[in-house]
Amino acid sequence: MTISALFDSYWYWLSAALLLFILEIIAPGVFLMWIGLGAAGVGVFLLLFPEAPLALQLIALAFSVTAAVCLGMVWQKKNRETHHHGLNQGLESYIGRTAIVSQDFVSGQGRVRLDDSFFTALANQPLVTGQSVIVINVNETVLQVQAVS
């Protein structure tokens, strides 16, 4: 049995793809997924062209892995732009959010409640307890707010 006999059927490629997907689940790192997608692509290619020689199958593998990686990068970039959450942004994620004044503002400084936390805040206008404000800026650990109009 020669090595080229391993590549005689599309089932070998599809089985290899399945094995790579399973390994990706067991040991995630996204690397095996691209090779698995490439192997699946060669399986489909061999299904369409069953007499393709080994060299052509390996070229198809290189092409399909490259295509899978490129499409994955485009998908990840698009997904990152549309699913922008405040993860790892610190207090900057509060900009634009509405808070409630928890302590009257004296000389432009007071406290606000946002979610389940209390923060020191600055404002250019007098604000009273219970008033709704919007966070317009963050300076280190101090929120800058203004009254909701």
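Predicted model: local features only at pLDDT ≥ 70, side-chain atom pairs only at ≥ 80, totals over all residues.
## Helix H1

Helix H1 covers residues 10-26 and contains 17 residues. From its first C-alpha to its last, the helix reaches 25 Å, which is close to the 24 Å expected at 1.5 Å a residue.

Which residues of H1 are buried? They are Trp13, Ala17, Leu20 and Glu24. Viewed down the axis of H1, these buried residues fall within an arc of 65°, so they line one face of the helix.

The face of H1 turned away from this buried side carries exposed residues, namely Trp11, Leu18, Leu19, Ile25 and Ile26.

A nonpolar patch on the surface is formed by Leu18, Leu19, Ile22, Leu23 and Ile26. Together, these residues have about 480 Å² of accessible area.

## Ser64 in helix H3

Ser64 is found in helix H3, which spans residues 54-82. Is this residue buried or exposed? Ser64 has a relative accessible area of 13%; because this is under the 20% cut-off, Ser64 counts as buried.

The side chain of Ser64 reaches two backbone oxygens. One belongs to Gly38, at 2.9 Å. The other belongs to Leu61, at 3.2 Å.

## Two loop residues with positive phi

Where is Ser107 placed? Ser107 is in the loop between strand S1 (98-106) and strand S2 (109-114). Its phi angle is near 55°, a positive value in a residue other than glycine. With a relative accessibility of 78%, Ser107 counts as exposed, because the cut-off for that class is over 50%.

Asp115 is found in the loop between S2 and strand S3 (117-122). The phi angle of Asp115 is near 60°, again a positive value in a residue other than glycine. The relative accessibility of Asp115 is 44%, and Asp115 therefore counts as partly exposed.

How values were computed. Residues numbered from 1 in each chain as written. Heavy atoms only, no water. Helix = DSSP H or I, 4+ residues; strand = E, 2+ residues; numbered from the N terminus. Expected span 1.5 Å × (residues − 1). Buried < 20%, exposed > 50% of the residue type's maximum accessible area, 1.4 Å probe, protein only. Arc of directions from axis to C-beta. Patch = residues over 30% accessible without salt bridge, like charges linked within 9 Å, V, L, I, M, F, W, Y side chains within 5 Å. Areas by Shrake-Rupley, 256 points an atom, 1.4 Å probe, with all protein chains shown as cover. Salt bridge = Lys/Arg side-chain N within 4 Å of Asp/Glu carboxyl O. Polar contact = N/O pair within 3.5 Å; in protein donor to acceptor, adjacent residues only side chain to side chain.
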